[in-house]
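Good morning, and thank you for making time for this presentation.

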Amino acid sequence: MDGLFSRYRNMSALLALLAGQLLLLAWQIKSDGDTRLIRVWAVTAVTPIVRGLEAVRVGTGGLAQRWFMAGTLETDNARLRRRTAELDIRNQLLAEQLQQAGRAQALLEFRSQLSSRSLPATILGNAPGVQSGVFFLDRGSPDGVKRGMAVVTGDGIAGQVVAVYPSASLIMLATSQGFAASVTSQKHRTHGLLKGDGNSCHVEGIRNEQALDEGEWFYTSGDDRIFPRGLRVGPVRSVRNGADGKEVEVRPAALDGDISEVLILLDAVHGQIPDLATPSQPDVQVLAPPPEDTHESAAAAAAAASPAPAGGSSATPQTDADRMKERYKRIVEGQNIQIGVTPYRAPDFNRQPAAAPSGAGTATAIQPPGTAQPGAPPTGSAPAGKAAPSAPKAEPKRTTSAQEQR
Amino acid sequence: MTEFESSPTHIPPDRLRVWSFHPATWILVPLVAILFQVYVPRFLSYLSYLELPLLVTVYFSVMRRQPPAGALTGCLIGLAQDALTHHYLGMYGIVKTLIGYSAASLSLRFDVDNAGLRFLLGCGFFAAHQVLYWALSHSLLGTHDALHVPQTVIAALLNGVVALPLFQVLDRLKSEAR
């Protein structure tokens, strides 16, 4: 046996290492083994270093800037070139600061609108692995973070907390393989399951006959009990029919750009999925109604002031058609013509209609066109019985339209 | 006599030298590699395709020219990586154990100071690493993650290119073992 081991020493060592790790793996899978202690040690060892690196990065950024600005310049050309370089760098730094401030402001506004209790957090770094899609946050268990909590930004859902340690926590981005969330579309209310595939997201569980448009937004439905209902996810990038239902690709809006600050939802509260906004009205100016024609309004006022004929409508003319009807009626009456009686005599509709016999009709006819004060109510629209007594006092010398006609 | 001592090599015995490193190098270099993977891709996202812990594993393994040492190096670096992820402990450990063992075995047959071979080591072992990890995830954990072949090929080339200067830098830290 000793000879066998010595002959295959290398292979034995390899097998021993592999067997040990396979046993460790099997124990974790079988008993949902808690290797928390090892992980806590590892994360606790790494986090301070990463925090230190971050502090150094911020510090050296300022130093580098000062170094560039303090450089001695010998010739104008070199000076101008360096100056340009300095300004470029400075511009980049300022742009970065501005962007960061903007992001923070947007996140703050979003947080104030959010009904859920949330905790702002900053991304410290990536978890090891090629394109792992898992990030370290600077918030841990002392801050109340728990595994499974939703992580969002102002643009929508970003991911989910997958591990929590005293000094940090790990979040899995929505695009990571293994991520899943229950979603529903905004327009057609089509339900599906959002899954990450490493680069982007796709929605599964939508039948081919269900309606879904390209560009339609998905929101969380709250069915997964991780993400509260009503959080934005992202628009449909592509949709096509497939063998097992629709193949829908969605790009989470929160992950479109660089994310460095996020919100962890500590106490998620369901919201509402907003209805589609109605199309905005074109910018059209609509004028106020035109002023009443003075002659017609006088006649209308007279008609309104006169007692209503028996069986007729006693209401004041409200529309142009009503006023025209009244005008023709008075023209016919003024010419003593009876409609529908033989021998038939056609009325002259070019003549002005007769005014009402009472003084009420004089109220508005005396005011010539164009003299109406801006803002003053149209004369014809004045309530019957009110305009009549006041108008003669204002213009006592004018004649009525009926007198002019005679 | 082991199976490798009896196998033919393609390099003259005077170039089959075994290198050693300062104990601090054994700890700091893998730590820096892991920290690089944790911190740098946050600012330069395309560098997330760099698998520096793997390249360090390969380098230490081929320089030591001892398969058990290579396997142990890979095992420790892989477990350290595992501890910083949310996956089960041992996934990266097993993969890097195999990579370390294979790299050390190859170093017994080839001249690993050759730049071309170093490039191939970087490329080949990265691809093997990704395929092994994917296969283990499927077989042991039952996951259905997709293996993006074009991405993996491009990332393998990138890692091969990075392996050249990285190995040259690390060459400055080595000393001949007695």
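Predicted model: local features only at pLDDT ≥ 70, side-chain atom pairs only at ≥ 80, totals over all residues.

Let me begin with a term: two strands are said to pair if DSSP finds at least two bridges between them. By that criterion, strand E9 (residues 217-220) of chain A and strand E10 (residues 232-242) of chain A pair in the antiparallel sense, over 3 bridges. Within this pairing, Tyr219(A) has Arg232(A) in E10(A) as its bridge partner.

Chain A comes first. Its secondary structure consists of 9 helices and 12 strands. Of its 406 residues, 30% count as buried. Among the contacts in chain A with a separation of 6 or more, 62% are between residues 24 or more positions apart.

Where do E9 and E10 of chain A belong in the order of their barrel? The barrel has 6 strands and closes in the order E6-E7-E8-E11-E10-E9 (chain A), with antiparallel pairing. From one strand to the next, the twist averages 40°.

Chain A also contains a closed barrel of 6 strands that runs E1-E2-E5-E4-E3-E12, again with antiparallel pairing. In this sheet, neighbouring strands are turned against each other by 45° on average, with direction ignored. Please look at strand E4 (residues 156-164) and strand E5 (residues 169-173) of chain A, which run antiparallel and are joined by 5 bridges.

In soluble globular proteins, nonpolar side chains tend to be buried together. Which residues does Val152(A) contact, leaving aside its neighbours within four places in sequence? They are Ile157(A), Ala158(A), Leu231(A), Ala254(A), Val262(A), Leu263(A) and Leu265(A).

I now move to chain B. This chain has 6 helices and 2 strands. Read from the N terminus, its elements follow the order β-α-α-α-α-α-α-β. Of the 178 residues of chain B, 44% count as buried. Residues 24 or more positions apart make up 71% of the contacts in chain B with a separation of 6 or more.

The crossing of H4(B) and H5(B) is right-handed. On the H4(B) side, the residues are Met91(B), Ile94(B), Val95(B), Leu98(B), Ile99(B) and Ala103(B). In H5(B) they meet Leu121(B), Phe125(B), Ala128(B), His129(B), Leu132(B), Tyr133(B), Leu136(B) and Ser137(B). By class, this contact between H4(B) and H5(B) has 12 nonpolar, 2 polar and no charged residues.

How do the two chains meet? In this model, 38 residues of chain B are in contact with 39 residues of chain A. On the side of chain B that touches chain A, at least two residues each come from helix H1 (23-39), helix H3 (67-83), helix H4 (91-107) and helix H5 (115-141). The largest share, 8 residues, is supplied by H3(B). Sorted by class, this side of chain B has 23 nonpolar, 11 polar and 4 charged residues.

I close with two loop residues. Asn336(A) has a phi near 50°, a positive value in a residue other than glycine. Asn336(A) lies in the loop between helix H6 (320-334) and helix H7 (362-365) of chain A. In chain B, phi of Arg65(B) is near 55°, also a positive value in a residue other than glycine. Arg65(B) is found in the loop between helix H2 (52-64) and H3 of chain B.

Is each of these residues buried or exposed? Asn336(A) counts as exposed because it has 8 C-beta neighbours inside 10 Å, and the limit for an exposed residue is 12 or fewer. Arg65(B) counts as buried because it has 21 such neighbours inside 10 Å, where 20 or more are required. Thank you for your attention.

Technical notes: Residues numbered from 1 in each chain as written. Chains lettered and ligands numbered in written order. Contact = placed C-beta atoms within 7 Å. Helix = DSSP H or I, 4+ residues; strand = E, 2+ residues; numbered from the N terminus. Nonpolar A, V, L, I, M, F, W, Y, C, P; charged D, E, K, R; others polar. Left-handed = near helix turned anticlockwise from the far one by under 90°. Axes fitted to C-alpha atoms, helices over the stretch in contact; angles between N-to-C directions.
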